Amino acid sequence: MKKTKSCKMDKKKISGSEILIRSLLEEGVDTVFGYPGGAIIPVFDCLYDFRDRLKHILVRHEQGATHAAQGYARVSGKVGVALVTSGPAATNAITGIADAMIDSTPMVVITGQVSASLLGTDAFQETDVVGITQPITKWAYQIRRAEDIAWAVARAFYIASTGRPGPVVLDFAKNAQTAFAEYEYKKTEHIRSYLPTPDTSVQCLVEAARLINEAKKPLALVGQGVILSNAEAELKAFLDKGDIPAAWTILGLSSMPSDYRLNKGMLGMHGNVGPNMKTNECDVLIAIGMRFDDRVTGDLNTYAKQAKVIHFDIDPSEIDKNVKTTVAVLGDAKYTLEEVTRRMKQNNHTDWIDSFSEHEKQEKEIVIDREIAPGAGPIKMGEVVNLVSEAAGHDAVLVTDVGQNQMMSIRYFKFKRTRSIVTSGGLGTMGFGLPAAIGAKFGAPDRTVCLFCGDGGLQMTIQELGTIMQSDVDVKIILLNNQYLGMVRQWQELFFDERYSETTMKNPDFITIAKAYGIAGKKVSDRSELAAAVKEMLEHKGAYLLEVEVEQFGLVYPMIPAGTSVTNILLGDK
């Protein structure tokens, strides 16, 4: 059998595959999540020579590669990279690409493609990757020549990481991988047609500061834009000087410490009572790096109609998209927050801040205490989350899947530092959790990573246990097993006359499955065993699956029914 040639052949020219690998290294990439195949084999062959410089994590499904790249990006602040082949591999990556787009996660996905001479012939495993992904990426480009590779990679990383971050797809024709070209890498610092950070109007800075200075009842809504801009310190200075109570969106979690005095909790459908109610009482609503998602606003016809709205955002398309603004402060939050703060006066809103306490007391008595300290009956999701967070010193990275497990974990997990939350926000992707947790661990290897998932979501990407086994990934998996598709079942109970259509789950023995992958685990159904099991999990060196049998008919409260006012809050005190 003829031996294939090494990717290193010519002193003056190198292969397209090597150009790709060297370009990735120039961008500071240290980890790639992927799966090989025919149309990307030359790249994987070349990767063999760079194993000491570029770590490749072999996932078990291409969707897993994209979610792992997302998890890596969220906790590290770097661009996540996924490398897959053509055809079905590329289409398998679509969900993760769409998820990254709506959640503003910087990611570069490199897909193999048939040779340029075969494009348009319906060749084996050919798909129109650029056509498919253009609506769900910041940029999608097909590389057909080796001479264009370094330019395309530099451009891809610049676009993915600047402005409002997001995914970029590079569709890599096979002939470009094997052809040879001279290599010179120049990082992209400007693209004529692309303005990642809009100019900030001084007049808007002045007007925003004036409105805030005059406000009697200001309220700040903090989104992921603060984290993406590395503006946590600027946010705190802004809130402290203005004495402004603040609430975070799901993706804005961990932008402030949980116990920060001005942090009033979470917004939205399953958020805290205080900030939701006060949204319709404040006189100035200050949105910072958030997009007024429908799960936050509820019925727009009744949303904050009494308030003047200041919207800090880097993306001009978000301004007035859902909520009409009084003043739009465009620009990077790290800069704009500092500039507005400089123009603000030291303020005091003690009475306004104290007015949140009545709602906090009501929610604690009716919802929180019953959830995290029930005393008797089946184990509740919230008490598991609270126990794990406390045992981890409120300093772990929280990764969630989607559903009741997601809502409970983001409600009851606590944070000390930023970049501590990895969850699927806008797309709500079941199966996100397990591969995202793997990526998060590679992005923050020195931190404890705790994944909360349900029995439904876990089984959507359960094959990624094989990735954990092969790459020895130390993630702590807490399976909240209620034997239902819990969130759908909750809606069926509350809004569909308890007609539980296709939400009952007949599940396998998860602990035995974990054992087959060499992962330690324990199943807990008795509350008396829970604390010891959590301690064992956190102290265990290596991956661990803790399956907890929780109440089957538990409900996530508070809840604002979809499409209703943010003040229409169900507390479950029926």
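## Definition and basis of the model

The structure is a predicted model, in which local features need pLDDT of at least 70 and side-chain atom pairs count only at pLDDT 80 or more, while totals for chains, interfaces and linings use all residues. Residues are numbered from 1 along each chain as its sequence is written, and side-chain values use heavy atoms, with hydrogens and water left out.

## Overall architecture

The chain contains 24 helices and 20 strands; helices (H or I, at least four residues) and strands (E, at least two) are DSSP runs numbered from the N terminus. Its radius of gyration, taken over C-alpha atoms, is 25 Å, close to the 25 Å that the globule rule (2.2 Å times the number of residues to the power 0.38) gives for 574 residues, so the chain is as compact as a globular protein of that length. The C-alpha trace spans about 80 × 60 × 40 Å along its principal axes.

## The sheet containing E2 to E7

Six strands form an open sheet in the order E3-E2-E4-E5-E7-E6, with parallel pairing; two strands pair if DSSP finds at least two bridges between them. Strand E3 (55-58) and strand E6 (139-143) each have a single partner strand, so one side of each is left without a neighbour in the sheet. The twist averages 20° from one strand to the next. Strands E2 (31-34) and E4 (80-84) run parallel and are joined by 2 bridges, and glycine 34 stands opposite leucine 83 in E4.

Helix H3 (62-76) lies across E2, E4 and strand E5 (107-113), at about 165° to E4. Helix H7 (149-161) lies across E4, E5, E6 and strand E7 (167-173), at about 170° to E6. Contact here means heavy atoms within 4.5 Å; axes are lines fitted to C-alpha atoms, for helices over the stretch in contact, and angles run from 0 to 180 degrees between N-to-C directions.

Strand E11 (263-266) and helices H12 (273-279), H16 (356-372) and H18 (404-412) each supply at least two lining residues. H16 gives the most, with 7 residues. By class, the lining divides into 12 nonpolar, 7 polar and 9 charged residues; Ala, Val, Leu, Ile, Met, Phe, Trp, Tyr, Cys and Pro count as nonpolar, Asp, Glu, Lys and Arg as charged, and the others, Gly among them, as polar.

## Backbone particulars

The peptide bond from tyrosine 557 to proline 558 is cis, with omega near -5°. Proline 558 is placed in the segment after strand E20 (544-549). Glutamine 125, although not a glycine, has a positive phi of about 60°; glutamine 125 is in the loop between E5 and helix H6 (129-133).
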